[in-house]
Amino acid sequence: MKVLVPVKRVLDAYVRPRVKSDGTGVELANAKMSMNPFCEIAVEAAIRLKEAGTAEEVVAVSIGGAKASETLRTALAMGADRAVHVLHEAEVEPLAVAKLLAALARREAAGLVVMGKQAIDGDNNQTGQMLAALLDWPQGTFASGLEIADGSALVTREVDGGLERVRLALPAVVTVDLRLNEPRYAPLPAIMKAKKKPLDTLAPGDLGVDPAARTRVVQVEEPPARQAGVKVATATELAERLHAEAGVI
Amino acid sequence: MAVLVLAEHDGASVRPSTAVAVAAATDLGADIHVLVAGADCAAAAQAAAGLSGVARVLHADEPGLAHGLAEALAPIVARLAPDYSHVLAPATTFGKNVMPRAAALADIQMISDISGIEAADTFRRPIYAGNAIATVQTDEPVKMLTVRTTAFEPVPAAEASAPVEAIDVAPATHGAAFEGHELTVSSRPELTTAGVVVSGGRGLGSKENFALLDTLADRLGAAVGASRAAVDAGYAPNDSQVGQTGKVVAPALYIAVGISGAIQHLAGMKDSKVIVAINKDEDAPIFQVADYGLVADLFDALPELEGALHKAKAPA
């Protein structure tokens, strides 16, 4: 089975996002960029499937500008076998990303797509579900558990009420949540070796997809700031003020 | 053109998240239809018909629609979508699972997690874990949206019920099967709709210590939440996680105990009306958003607070 793992380059999770003064977006120039943390978990999951003998090949794919190739090298260093870069400098919306991934999944005859449940920039949480729809494959979203056996995937999903288990006939799309695994750090020799692994570059047109945007970001602004309140000296004072002043108890 | 709301329900009743999605739909000023799709969900359809502002309920009942699987529900939503100006669902794990699948089937670029409606085609939504708010305008013929559950006040019950109309759906065929679930059983209010939330962080130190919050929660009739650190450490179940990737809450009172206040956590609770922080580290970022901060060892503060609450509430 071939596993496809889409990865996205985003503002590093430990960098505080700053809104640009002209309100057109979040400042990314000269900021530290990294692989989306949910994508790291997806790469780790795919590599573990290969190590377990369940998957034969792990193909990482990224859609983005020239620097997305760095993110693909990270995936290769972690253990992906090869990479495909769909080069497009402008922002690509989830539906267009899903169309590109669907074309690639068909072309690669992938048996499974494992990907993050959302990217921490746009927080859309759409692409995996859209991909599954376009391929007419079942979907296991927000996965905290994944077992592959007998042509199906048993996915444990983190849902609002607790946990849910679904069995998906392969091929399928699985989107991963935070607690599926702890992604590995690539050791230096693996990083060196990753530079020699194959990385193909395609244009959206090669996959027959028009990546034109259908929505426009009119403005990006800071959220309303919350003012720090008062410090109280004791828990007793806290209870009194919550009762008499805030009126919430 | 009317607006369609996809109901989240358990067969017997609709979830409060559905009343929130209806509230957002109300702001669009058109007739509101609610789709209740499931197996043996006639009672839920009646419940949806009783929500204020609902003009009609579409009731799809079929064994293959059990458990709200996206593979079965999305084709129904996609088929209905072209008849509506907007299709809305709550931005819960249910809505997040189903709506993008439906949107892709309808070839619509949807908009997730809206926190405000500026115009019929323009919406506000948090990005970067709530560190920025984007205003997004769409050209799509049908606006497909999920609604942030803390951003709108749920609609109340209506005085009269709307008509319920059964709709035919093709038997669902798909490659997904429900295998089971482990739902957290609690006598406490649901986290996302509770009026008071008591949340614990890594400062609690252990699963046993985390249970100390139960006494306080019981006294306040509160739901219990947790930071990601506490969930990752195994102190609290995953469905109690409050934060951008967990649950988003906005209660009247949020009490953060032993939580440092990572950006990710703040994104999930900073719209609470009154925030209380108890932490022994006076530099913890949580104090920057707290209305009332208490710098203290939580193991001393909790019992004192419980005792004081008893007195404060006693005369009432």
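This is a predicted model: local features need pLDDT of at least 70, side-chain atom pairs count only at pLDDT 80 or more; totals for chains, interfaces and linings use all residues.
Residues are numbered from 1 along each chain as its sequence is written, while chains are lettered from A and ligands numbered from 1 in the order in which they are written.

I begin with chain A. Six helices and 13 strands are found in chain A; helices (H or I, at least four residues) and strands (E, at least two) are DSSP runs, numbered from the N terminus. Along the principal axes, its C-alpha atoms fill a box of roughly 65 × 45 × 40 Å. Of the 249 residues in chain A, 51% are buried. A residue is buried if 20 or more other C-beta atoms, placed from the backbone, lie within 10 Å of its own, exposed if 12 or fewer do, and partly exposed in between.

Now to the opening question. The axes of H3 (residues 94-108) and H4 (residues 127-135) of chain A come within 8 Å and cross at roughly 50°; axes are lines fitted to C-alpha atoms, for helices over the stretch in contact, with angles from 0 to 180 degrees between N-to-C directions. H3(A) is therefore oblique to H4(A), since angles under 35 degrees count as roughly parallel, over 145 as roughly antiparallel, 65 to 115 as roughly perpendicular and the rest as oblique. Residues of H3(A) that meet H4(A) include A:Leu95 and A:Leu101, and among their partners in H4(A) are A:Met130 and A:Leu134.

The largest nonpolar core has 205 residues, and A:Val5, A:Ala60, B:Ala48 and B:Val77 touch the most other members. Such a core is a set of buried Ala, Val, Leu, Ile, Met, Phe, Trp, Tyr and Cys residues joined through C-beta atoms within 7 Å. In soluble globular proteins, nonpolar side chains tend to be buried together. Beyond its neighbours within four places in sequence, A:Ala60 is in contact with residues including A:Val5, A:Leu72, A:Ala75 and A:Leu76; contact requires C-beta atoms, placed from the backbone, within 7 Å.

A:Leu72, A:Ala75 and A:Leu76 are among the buried residues of H2(A). Helix H2 (residues 68-78) of chain A is mostly covered, with eight of its 11 residues buried. Just after H2(A), A:Gly79 takes a positive phi of about 140°.

Some backbone details deserve attention. Most residues other than glycine have a negative phi, and most peptide bonds are trans. A:Asp123, however, has a positive phi near 50°. A:Asp123 sits in the loop between strand E6 (112-116) and H4 of chain A, and counts as buried because 20 other C-beta atoms lie within 10 Å. B:His67 also has a positive phi, near 70°, and is partly exposed, with 18 C-beta neighbours inside 10 Å. The peptide bond from A:Leu170 to A:Pro171 is cis, with omega near 0°. A:Pro171 belongs to the loop between strands E9 (162-169) and E10 (172-176) of chain A.

I close with chain B. B:Arg219 lies in helix H6 (residues 212-220). Its C-alpha atom is separated by 8.0 Å from that of B:His310, 91 residues apart along the chain.

Definitions and conventions: Two residues are in contact if their C-beta atoms, placed from the backbone, lie within 7 Å.
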